[in-house]
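Keep the 3D view open and follow along.

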Amino acid sequence: METILTNIALGFDPSYLLLLLTGVLGGIMIGALPGLTATMGVTLLMPFTLGMGLSPQGSMAMLIGIYVGAIYGGSITAILIATPGTPASAATLLDGYPLTQRGEGGKAIAWATVASFIGGLVGTFILIFLSPQLSRFGLQFSSPEYFALAVFGLSMIISISGGDVLKGLIAGFFGLFLATIGLDPINGTPRFCFGRVELYEGIGFIPVLIGLYAFAQVFEDISQKTAFHSPVTKLNLSFPALKETLRYWSSFVRSSLLGTTIGALPGAGCDIAAFVGYNEAKRFSKHPEQFGHGNPEGIISPEAAKSGATAGAMIPMMTLGVPGDAVTAVMLNGLIIQGLQPGPLLFRDHAEVVYPIFVFILLANVFTCVTGLLSTRWLARIVLINKSILLPLICVLSVIGAYAIRFSLFDVFVAIGMGAVGYGMRCWGFPASPIVLALILGPMAESNLRRALMLPEAGISLFFTRPISGVLLVLAIVSIAWGLFRQPKTRTRASVE
Amino acid sequence: MPSIRFLSGICIIPLLLLLSGCAEQKSTFPAKPITIVVSWDAGGGTDALARSIALESSAPFGQVINVLNRPGGAGAVGHSFGAMARPDGYTVMMITYELCTYAPLGRMKLDTSHFRPIVQLNEDPAAITVHADSPWQTLEQFLQHARAHSGQVTIGNSGPGAVWHIGALKLEKLANARFTHVPHNGAKDAVTQLLGKHLDAVAVSPAEVLQYLQLGNLRCLGVMAEARMPQLPETPTFREQGIDLVHGTWRGLAVPLDTPDSVVQVLQTGFTQGFETPAFQETAEKAMLGLRYRNADQFLDFLNQEQHSVNELLTGSDLVIRSGNDVQRMPRLYGTLLFLCGLILAIRTWKNFKKTNKTPPEQSSSTSQKMALTAFCGLVVYGALMFTIGYLLSTLLFLVTAFVYLGERQPGRISTFSLGAVILIYVVFKTILDVPLPQLWG
């Protein structure tokens, strides 16, 4: 017990805390810039922490800070300028940006911050106390289970379609089709590449995100020139009342738990967690028709889920030495280079690294929360900037962001082209988020379906006889049926508006 | 507002510094940072090797060495990027075994003859690993089971056509057995599936399973190396078990074919010094990367040999990657569903149109849509200009034009925001984060 306490105290070393804080601040900035993702931030800083000769604890402090900060930071731009900084923030945008348009951006950020904090907190406690159980659960997931999870995720297209399910489905299938471009995942045969090597790795996810949201929003703003000079008449800078926030306790808890569990699966990360969190909040809500129009639960749920997922992704890394997502894969490599082998032995042989890591995740969430709340009032003023100044700046930042993700000119034009597509979709009332969801889940669904069908005992029954995949598929069917059944009510409401 | 004039004044200073920095190029090679291109994801073995050689070689060159990941298409994307880079020695490619496979697999016309090798750094054998709970203690038992249950034994690999996949295909041929090869998205994924007992075996490098071997979760049946590995003294080689199979990956540095001799000389000397540093050797050992040095000439001979043997292996033999007929199935399914939904929508719209007999309201605002079209064209021009006249000029030009077009008339604001943005983005991306921007000038 005493050694555990000493090891925990080690995590509070001032030099580590300083590194952690630097990481959090840098991470928030990286996350907020479109095109720079958490994975990129951690990858870029890895050699830096090694070069500085930091101890394993020191370098983990900084990397965890960046990870937690970046996943949170993506939501700031999603809420304020409708440009998700990281893929995981695309779900937050759905209800965050409408609030900003109403002048309540500050409130939206405050909710996102608190939700992110609580998600991180719950995730960390699960990481500390339930890691072995969750990692064993994660190992049960094979191709049929991942396929079922992807189908379950895709069933959400119906609920995030807004008013019109048919248009949502069209957007979803378009996204799924886009996701098949590139080398196919099982044979490596080029599909729809037209001999262009740039297309071998598929249509980039970030450029599509930038196009569909950032550029489409810019085009829409420009075409509505009348609302140009006084975008928001009154700016509400008040924080949400505690009582109001407490009303959503069930969303906080549900999303945090869901997010952590999804994050703990080696094949699913923050982006999927955020969308599942959003969808479940809508399903359980008494007012599902308010979603997409600035419902606080639509911000709280994805935020709590993706923040829980960051802690969850550490679970397989620490207990099995298997990365939970792309970011933890980079961290894992860093630990190995430092001479530590994550896995069960880490807890026994290197408790002096394990316990500080727990402390860092906890404190990274505290730092993020404090930074977020302190800067909210200032960030929310962004809507007061004249659009004739703001829009060109968003354009430049988006072009650079689309370039920076893979250093490719091609991606810049993909982003601009998708901007035109996104604008057209807005004009004709097609929702954009099904495309995003399909791009995240399409490759997962296809590769795992085909992998599962390669198994010697393959057959359609395989997906239903395996318990986890069976449950997930039944849930997906129920979810689709529920969505179609519930939909007419919302549709009439949407058409009234 | 005097502060704006003051601010724009401040903005000018770093810009001037930046310009003067660009002017003093053209001395001896290397006069600016070198970039190593890695065609695999960050976090993998190739990436780790590139990052540690970059770190340790920056001292001999007296320059920063950056690592650029261009993953995708089983390394095809990065390799073709590296081959098409400017042959000035500032872009160095970390080539891997897969480079030999693209042409014979029909993916693209790129092979080792498109590169000029500098040094080889690493060599790792393949290995066959099974779960510790499985009944197979030796390779022979495993192969006997595979022969008796043709196609029933599943072997996971890191990706279609990757080096470990080819290793398993070679084994299949030599041992006269038939496996079901299950490709994954990287070796880690395959190993995770083996840990969950969803696969019978994996064909990956010993480094990728070492920790589970030490823990006793997995069992390595043999390595495809000439001698036993120092980390795995108990594990026999394939040859010891009667199968004459030596197979593995190699990694090394290369530059595009037209790079001048003098530059290649400098690169070889610098990277060799980096290779020899104790720090590099230590990092490689910790990351369990097998070290293997060959200089430019030896590496060239080796590459020719490898290319020849891979060509022979993959073309004109029965050793092809068995492709199912389902490559086009999913896109076709999605396309059909998309078409069906579109058809329903068209019918619905037409019915509504007939009912109300008027055009939808969206069509009315054509003037404002013209502005959106202008913005779109402006962005396309900006994107194209960035790669002809460079980041600085194109961004300035775009911002100033856009500000004015959108109705901003105050010169102070226009200059402050455009200059400020150009410099701030440069500083944040390039200086702080070290993310390459498009070239500053054309």
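Predicted model: local features only at pLDDT ≥ 70, side-chain atom pairs only at ≥ 80, totals over all residues.

Helices here are DSSP runs of H or I with at least four residues, and strands are E runs of at least two, numbered from the N terminus. You'll find α9 at residues 205–223 of chain A and α18 at residues 409–427 of chain A, with axes 7 Å apart at an angle of about 55 degrees. Axes are lines fitted to C-alpha atoms, for helices over the stretch in contact, and angles run from 0 to 180 degrees between N-to-C directions.

That angle makes the two helices oblique to each other, because under 35 degrees is roughly parallel, over 145 roughly antiparallel, 65 to 115 roughly perpendicular, and the rest oblique.

## Who meets whom

Residues are in contact if their C-beta atoms, placed from the backbone, lie within 7 Å. Among the α9(A) residues that meet α18(A) are F215(A) and F219(A), and the α18(A) side includes G419(A) and Y423(A).

## Another pair in chain A

Helix α4(A) (residues 56–81) and helix α14(A) (residues 326–337) come within 11 Å and cross at roughly 170 degrees. That makes them roughly antiparallel.

## A look at chain B

Chain B has 14 helices and 11 strands.

## Reading the model

Residues are numbered from 1 along each chain as its sequence is written, while chains are lettered from A and ligands numbered from 1 in the order written. Local features need pLDDT of at least 70 and side-chain atom pairs count only at pLDDT 80 or more, but totals for chains, interfaces and linings use all residues.

Definitions and conventions: Contact = placed C-beta atoms within 7 Å.
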